[in-house]
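Thank you for sending this model for comment. The points below go from the chain as a whole to individual residues, and they are meant to be read beside the coordinates.

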Amino acid sequence: MSGLTYWAEYAWLPHANGPVVERDVLVTVGPGGRIAHVTPDSGPCPPGAVRLGGLLLPGRANAHSHAFHRALRGTVQVGSGTFWTWRDTMYRFAGALDPDSYLALATAVYAEMALSGITAVGEFHYLHHAPGGARYTDPNAMGHALVEAAARAGIRITLLDTCYLSAGFGADLTKPQLRFGDGDADAWAARADALKDTGHARIGAAVHSVRAVPADQLGTVAHWAAMRRAPLHVHLSEQTAENDACLTAHGVTPTRLLADHGVLGPRTSAVHATHLTDEDVRLLGDSSTTVCMCPTTERDLADGIGPARRLASSGCPISLGSDSHAVIDPFEEARALELNERLRTRTRGHWTAHALLRAGGEDGHASLGWPEAGRIEAGALADFTAVALDTVRTAGPGPQLGAETAVFAASAADVRHVVVGGRHIVRDGEHRLVPDVATALRTAIAALDA
C-alpha cells in the first residue's frame with residue numbers, strides 16, 4: 001500500500017497542547033503500511049488522492065472480545081436471570097463450534113467490527129480444544145482460525161491465548177469447560193509457544209480469572225508473557241461472587257492475589273475491574289496496569305459500574321472493549337464511560353471527548369501490544385477511520401467540535417471509511433472484503449443453532 005495518499009476533509013491530529021481538528025489533511029502511506037507524511041491545511045483534494053469525507057480518527061481498538069459471544073445477541077435478552085444463567089447459554093453455543101464454523105463466525109464478527117471503525121481487536125481466546133477436551137490435530141486450530149478470520153476481515157488481531165484450568169477455587173472443570181483447559185499452566189505454555197506473530201497478528205496471554213487459574217500457577221502465565229514482552233490480560237472482579245470466593249479461599253481480594261503473584265504491571269490489562277476496594281484501586285494504579293472497561297456488556301449483564309474515573313486518576317490507562325458484543329460500537333463504549341459516571345455521581349464532565357478517543361485509540365492499541373498504532377502522525381501505522389459529520393446523528397455542530405460529535409453523537413452507522421495498513425477495507429460504508437456482512441453473520445450463527 002506504499003505510495004497511496006488519502007485526503008481527509010477533517011482529521012483529529014496530535015498537537016503539543018493536545019489533539020486538535022485540522023482541515024484538508026493529506027496522509028501519505030509509506031513502506032510497511034506506515035504513515036510517511038501528514039499535511040494539514042493542504043488545500044483541495046489533489047488528483048490521485050483518495051478522498052475521505054467527514055472526520056478522520058485513528059482506528060478504534062477493541063481491547064476485549066469473545067468473538068463467539070456474538071451468536072448470543074438477542075437470544076440472551078429473553079426473560080431475566082443473572083450472569084451465571086447467561087453463562088449457561090454461552091456454553092451451549094461454545095459447544096457447537098469447531099475450527100471451520102469458528103472461522104466463518106469470527107470472519108463475520110470482525111467484519112462487523114471493521115464496519116464500526118475498529119482496526120484492531122484483542123481476542124480473549126479460551127475455546128482451545130474439541131468438546132470434551134480432545135485435542136485437534138493442530139492443538140491451536142481454533143486460535144489459528146481466529147487469526148485467519150481477522151486477515152479475511154482486514155483488521156489486526158492480538159490473540160490473547162487464555163489459560164483456563166478450573167471451574168472455581170479448587171473445583172475441576174465442568175463438562176462444557178473441558179475444551180477450555182490444558183491440564184496445567186505448563187501445558188498451556190507449551191501449546192501457546194507454537195503460536196507466532198504475523199504481519200497482522202500478535203500473540204499475547206491471558207489469565208481467564210483468579211477462579212479459573214489456581215494461585216500457584218498464576219506466575220507461570222505471567223512469566224510466559226514477561227519473557228516475550230507480550231500483553232497479558234485478565235478478567236478481574238466482574239462479579240462480587242468472585243471476590244467473595246477469593247476471600248474465602250485465599251483471604252485476599254482477586255487484585256491482591258494477582259499482585260502477589262506478579263500478574264499486574266504496565267503490560268497487563270485488567271478487564272472490567274468492577275467491584276474493587278480502595279486498596280485494589282491503589283494496587284492497579286501503582287503498577288500502571290491498564291483497565292479495560294466494557295460498558296455495554298457490563299450493563300447488559302447487570303455487572304455494575306466500575307470505578308473507571310478513580311482508576312484513571314490513580315495511574316491506570318483506560319481501554320475499551322465490546323466483550324460479549326451485545327453491541328459492537330466503539331463510540332457507544334466511549335460515551336458510556338462518561339454517561340455511567342454521570343449516573344453514579346449525578347454530575348457531568350468526568351471525561352473529555354479527547355480522553356475517550358484516546359482510550360479507544362492509542363491506549364487501547366498499547367494494551368494490545370500495538371504501541372505504534374492509534375495516532376495519525378508520521379511513523380504510526382496507517383490505520384484510521386472516517387466518521388461522517390452530515391448524518392441525522394452528527395449534522396449540526398461545527399467541525400471544530402468533531403471529537404465531541406464523534407464521541408457523544410455518532411454511532412457505528414456513521415463510519416464511512418476504514419483503512420488498515422494503508423489498505424482501504426471499508427469504503428463508503430461497504431466492506432470491500434466481506435461484501436454482505438449481515439448475511440455472513442446470519443449464516444454463521446444459524447449453523448450453530450441448527
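1. Overall fold. The secondary structure of the chain, in what is a predicted model, comes to 15 helices and 16 strands. The chain has a radius of gyration of 21 Å, close to the 22 Å that the globule rule gives for 450 residues, so it is as compact as a globular protein of that length. Along the principal axes, the C-alpha trace spans about 65 × 50 × 45 Å.

2. Confidence. The average pLDDT of the chain is 96, and 98% of the residues score at least 70. Among the elements of the chain, helix H1 (residues 83–94) has the lowest confidence, with a mean of 79, whereas strand E6 (residues 118–125) has the highest, at 99. Where pLDDT is low, the predicted coordinates should not be read in detail.

3. Burial and contact order. Of the 450 residues of the chain, 59% count as buried, and the chain exposes about 16,600 Å², of which carbon and sulfur atoms supply 53%. When contacts between residues at least 6 apart in sequence are considered, 74% of them join residues at least 24 apart.

4. Thr158. This residue is found in strand E7 (residues 156–163), and it counts as buried because its relative accessibility is 0%. A polar atom of the Thr158 side chain lies 2.6 Å from the backbone oxygen of Leu368, and a polar contact of 3.0 Å joins the side chains of Thr158 and Trp370.

5. Arg60. Is this arginine buried or exposed? With a relative accessible area of 3%, Arg60 is buried, and its place is in strand E5 (residues 60–65). A polar atom of the Arg60 side chain lies 3.1 Å from the backbone oxygen of Pro58, and a polar atom of that side chain lies 3.5 Å from the backbone oxygen of Gly360. Leaving aside neighbours within four places in sequence, Arg60 is in contact with Gly117, Ile118, Thr119 and Ala120, and also with Pro330, Leu357, Gly360, Gly361 and His365. The C-alpha atoms of Arg60 and Phe384 are separated by 7.7 Å, although the two residues are 324 residues apart along the chain.

6. Ala106. Helix H2 (residues 99–115) holds Ala106, which is buried, with a relative accessible area of 0%. Beyond its neighbours within four places in sequence, Ala106 is in contact with Ala67, Leu146 and Ala149. From C-alpha to C-alpha, Ala106 and Phe68 are 6.9 Å apart in space, while 38 residues separate them in sequence.

7. Cysteines. How many disulfides does the structure hold? The structure holds zero disulfides. For Cys294 the closest cysteine sulfur is that of Cys292, at 4.0 Å, which is too far for a bond, because a disulfide needs the two sulfur atoms within 2.5 Å. Cys294 counts as buried, at 0% relative accessibility, whereas Cys45 counts as partly exposed, at 28%.

8. Ala273, which is not a glycine, has a positive phi near 45°; it is found in the loop between strand E10 (268–272) and helix H8 (278–286), and at 0% relative accessibility Ala273 counts as buried. Ser288 has a positive phi of about 60° although it is not a glycine, and it is found in the loop between H8 and strand E11 (290–293). At 33% relative accessibility, Ser288 counts as partly exposed, whereas Ala273 counts as buried.

Note on methods. Residues are numbered from 1 along each chain as its sequence is written. This is a predicted model: local features need pLDDT of at least 70, side-chain atom pairs count only at pLDDT 80 or more; totals for chains, interfaces and linings use all residues. Side-chain values use heavy atoms; hydrogens and water are left out. Helices (H or I, at least four residues) and strands (E, at least two) are DSSP runs, numbered from the N terminus. Buried means under 20% relative accessible area, exposed over 50%, partly exposed in between (1.4 Å probe, protein chains only). A polar contact is a pair of N or O atoms within 3.5 Å; within protein, one must be able to donate a hydrogen and the other to accept it, and residues adjacent in sequence count only if both atoms are side-chain atoms. pLDDT is the predictor's confidence in each residue, from 0 to 100. The radius of gyration is taken over C-alpha atoms; the globule rule is 2.2 Å times the number of residues to the power 0.38. Contact means heavy atoms within 4.5 Å. Accessible areas come from the Shrake-Rupley method with a 1.4 Å probe; for residues, only the protein chains shown count as cover.
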